[in-house]
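Have the sequence and the 3D view ready, and look for each residue as it comes up.

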Amino acid sequence: MAPFLDTPDALAAALPLLEPHDRIAIDTEADSLHCYFEKLCLIQISVPGSDFLVDPLAGMPLEPLFEAFRGKELILHGADYDLRLMRRVGFGAPDRVFDTMIAARLIGLTEFSLAALIERYFGVKLTKASQKANWALRPLPQQMAEYAVNDTRYLHRLTEIFEGDLRRLGRWEWFQQSCERAIRTAQVTKDRDPDQLWRITGSHELEGRATAILRALWQWRDEEAQAVDRPSFHILHNEQLIESSARFDQGRPVELPHLKGGRRRRFFEAAERAMAMPPDEWPKFVRKARPRPTREEEARFRDFKTRRDAAASELKLDPSLIAPKTMLENLAANPAETSAQMMPWQRSALGLEEQAT
């Protein structure tokens, strides 16, 4: 079992193992499936010859670890989530990233989950037994620890394989551009409109007062989940919110036997308050009208799509990797502005170099 580092002394003793290596493989585990307030629960680290697990829940300072990352290239698979999670505990932007998921896609692989890649290249089929486990458990069960280490112990070898393929295909610069963008993107905070949070899947099927009830029940559920630090779906599933809102609006009975005591009382009180609201306080679905494309824009869109699909076919890449549909639509409407926001390799694939200068 890989060393489990949960004291400052243990961490300090392990950090010299990182120093000789230019690349460090890392991964993280969180408890979002078990808590409302998601926490970073584990940092897995691998360098050639050594694997270890760092416990962020132990309360020890993590700055020495982050300092050890300085100047190194971090190997991650799907870097965005891990970088955002580590950013919450004080880790800034890494100097360099080697994202093995991006690499896999850029060499043309269509199965690019880490498990699929490990099986493809090393013939090892990873168990998914701990995929949805509670990573805040302490002591960490040995099965979970082994699962966690497997997420990093193969990354160095994958990196060597992918770097060779990318250079052979002439796509190394594409990869570097994509990883640099991944670092920048992970530093941007994603803010969501509070008035949009309750508009869950299926909410568009409700109308009028039913939408006011749904909004009230969603807010009730959110408050209940925060109070007990549990995911919202532990309180009530989205489908149950939708069905309950419709039933209340239609005057039909709402049966939820598992809701008991104060939680049940607050649920019905929230629904009653919403049903008493006047129509002018019901939510309004304001759909932003998307300007109808002109004939010129439609023609440009078709041209860009033809170019993209031809390039994707020649390069044996997923077309959306070169330019997703939304990007093509934006290119058609605002060619210069959108082109300037694209990565150089994407512009090159579409023949847009001159539009970004």
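Trp220, Phe248, Phe267 and Phe268 come together as one aromatic cluster. Rings of Phe, Tyr and Trp (its six-membered ring) count as a pair if their centres lie within 6.5 Å; planes under 30 degrees apart are called stacked, over 60 edge-to-face, and the rest tilted. Bear in mind that this is a predicted model, where local features need pLDDT of at least 70 and side-chain atom pairs count only at pLDDT 80 or more, while totals for chains, interfaces and linings use all residues. Residues are numbered from 1 along each chain as its sequence is written, and side-chain values use heavy atoms, with hydrogens and water left out.

**Aromatic pairs**

- In total, the structure holds 15 aromatic pairs.
- Tyr36 and Phe37 form an edge-to-face pair, because their ring centres are 4.9 Å apart and their planes meet at 70°.
- Tyr36 has a relative accessible area of 27%, so it is partly exposed, and Phe37 is partly exposed at 42%.
- Tyr121 and Phe162 make an edge-to-face pair too, with 5.6 Å from centre to centre and 85° between the planes.
- This second pair links distant parts of the chain, since Tyr121 belongs to helix H5 (residues 114–122) and Phe162 to helix H7 (residues 155–168), 41 residues apart.
- Helices (H or I, at least four residues) and strands (E, at least two) are DSSP runs, numbered from the N terminus.
- Is Phe162 buried or exposed? Phe162 is buried, with a relative accessible area of 0%, whereas Tyr121 is partly exposed at 26%.

**Charges over rings**

- A charge sits over a ring if NZ of Lys or CZ of Arg is within 6 Å of the ring centre and within 35 degrees of the ring normal.
- Arg120 lies over the face of Tyr121, 5.6 Å from the ring centre.
- Arg157 lies over the face of Phe122, at 4.2 Å from the ring centre.

**The chain as a whole**

- The protein chain has 17 helices and 6 strands.
- Its C-alpha atoms fill a box of roughly 65 × 65 × 35 Å, taken along the principal axes.
- Of the chain's 357 residues, 43% count as buried.
- Contact means heavy atoms within 4.5 Å. Among contacts between residues at least 6 apart in sequence, 66% join residues at least 24 apart.

**Helix H3 and its neighbours**

- Which residues of helix H3 (residues 79–87) are buried? They are Ala79, Asp82, Leu83, Arg84, Leu85 and Met86.
- The buried residues of H3 pack against several elements, including strand E2 (23–30), helix H2 (63–69) and helix H8 (172–186).

**A closer look at Glu163**

- Glu163 is part of helix H7, and its relative accessibility of 18% makes it buried.
- Apart from neighbours within four places in sequence, Glu163 is in contact with Arg23, Phe98 and Trp172.

- Asp229 is located in the loop between H9 and H10. Its phi is near 50°, a positive value in a residue other than glycine, and at 23% relative accessibility it is partly exposed.
- Arg230 is in the loop between H9 and helix H10 (232–235), and it is partly exposed with a relative accessible area of 38%.
- What does Arg230 touch, not counting residues up to four places away in sequence? Arg230 touches His34, Cys35, Tyr36 and Ala225.
- The C-alpha atoms of Arg230 and Asn330 are separated by 40 Å, and the two residues are 100 residues apart along the chain.

**Other backbone details**

- The peptide bond from Arg138 to Pro139 is cis, with omega near 0°; Pro139 lies in the loop between H5 and helix H6 (142–153).
- Lys316 is not a glycine, yet it has a positive phi of about 55°.
- Lys316 sits in the loop between helix H13 (295–315) and helix H14 (319–322), and at 66% relative accessibility it counts as exposed.

Conventions. Buried < 20%, exposed > 50% of the residue type's maximum accessible area, 1.4 Å probe, protein only.
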